[in-house]
Amino acid sequence: MLTLALPKGRLAEETALLLLSKGWLKTLPSEGSKELTYVSEDKRIRLLFVRSQDVCTYVEEAAADAGIVGWDILKEGGFDLIAPVDLKLGACRLSLASFPDFDLFAKRSKVRVATKYPNLTREYFFSKGISCEIIKLYGSIELAPIVGLSDCIVDLVSTGGTLKANGLKEFESILYSTARFVCNRSSFYHKHTELRSLIESLEN
C-alpha cells in the first residue's frame, strides 16, 4: 500500500478527483468527513489529510511515501525530497506587493517585509542587493502595509483580487508555483514499482 499525504482543502479534492480519473481510487472520500485518513477499496493507496505546511514533513520523515505540495512550500523549506511530477494544479505566484507609490530602491535603511515565506523573501531581496527586515505572519498579510507594520509584502497571488481590494499593487513575481508530486527518497527505491506506476499515470 502506498501512503500519500494531501493538503486539506481544495487541492486535496482536486488530487482525489485526479486519482479517481487515473484508476487509483474507486470512490472519493465522503464529502464533509472529519476523518484524517482514507483507504481505497482495493487497499492500493491510503490518503492522509494534513495541513499544507506539514505535507513535506510527513513525506520526509517517512510517515508517508509521497505527497502533494505547492512548489512554494517545497522551495521555502528546502526539504530533501524527490519531485518527479508537476501536476499543474493550484497555479499561483509568490509576488512582491505594496501601495502603488512604493519604490523598492528608495529606502536607504532596511525594507520591512511581511510574509509567510522568510527564506524565499530574504533570498529575493539579497539578490537585489537590498537589506530587509522580515516580519513573519501567518495570515492576512495584506493588512501589514495598511496599518504600517511593513513597507511591502511577499505573498501568494492567484487572481490579484485581494490585493486590489486592499489598495495594493503587485510589483514583481518571485516564484511561479504549482502542485508537485513529491516522494520520500527511501520509499522511491523500496517501493519503486508502485511509485513508478503512480508517477507514470500522473504524467499521462
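With a relative accessibility of 7%, Tyr-124 counts as buried, because buried means under 20% relative accessible area, exposed over 50% and partly exposed in between (1.4 Å probe, protein chains only). The model is predicted, so local features need pLDDT of at least 70 and side-chain atom pairs count only at pLDDT 80 or more, while totals for chains, interfaces and linings use all residues. Residues are numbered from 1 along each chain as its sequence is written, and side-chain values use heavy atoms, leaving out hydrogens and water.

**Exercise 1. Describe how the rings of Tyr-124 and Phe-125 are arranged.**

Step 1. Start with the tools: a pair of aromatic rings is described by the distance of the centres and the angle of the planes. Rings of Phe, Tyr and Trp (its six-membered ring) pair if their centres lie within 6.5 Å; planes under 30 degrees apart are stacked, over 60 edge-to-face, the rest tilted.

Step 2. Searching the whole structure gives 3 aromatic pairs. In one of them, the ring centres of Tyr-124 and Phe-125 are 5.3 Å apart and the planes meet at 85°, so this pair is edge-to-face.

Step 3. Now look at the surroundings. Phe-125 has 0% relative accessibility and therefore counts as buried.

**Exercise 2. Find the arginines whose charged ends sit over the rings of Trp-24 and Trp-71.**

Step 1. Use the rule: NZ of Lys or CZ of Arg must be within 6 Å of the ring centre and within 35 degrees of the ring normal.

Step 2. Over Trp-24 you will find the charged end of Arg-44, 3.9 Å from the ring centre. Over Trp-71 it is Arg-180, at 4.3 Å.

**Exercise 3. Which residues of helix α4 are buried, and which are exposed?**

Step 1. Helices (H or I, at least four residues) and strands (E, at least two) are DSSP runs numbered from the N terminus. Helix α4 covers residues 118-127, and Pro-118, Leu-120, Thr-121, Tyr-124 and Phe-125 are buried in it.

Step 2. These residues span an arc of only 165° around the axis, so they lie on the same side of α4. The arc is taken from the directions that run from the helix axis to the C-beta atoms.

Step 3. Turn to the other side of α4, where Glu-123, Phe-126 and Ser-127 are exposed.

Step 4. Finish at the end of the helix: just after α4, Gly-129 has a positive phi of about 75°.

**Exercise 4. Name the residues with the most contacts inside the largest nonpolar core.**

Step 1. Such a core is a set of buried Ala, Val, Leu, Ile, Met, Phe, Trp, Tyr and Cys residues joined through side-chain atoms within 4.5 Å.

Step 2. The largest one holds 27 residues, and Leu-4, Leu-19, Ile-45, Leu-47, Phe-181, Cys-183 and Leu-198 have the most contacts inside it.

Step 3. Next, ask where its residues come from: β1 (2-7), α1 (10-21) and β11 (179-183) are among the elements that each supply at least two.

Step 4. A second, separate core has 16 residues, including Phe-102, Leu-120, Phe-125 and Val-154.
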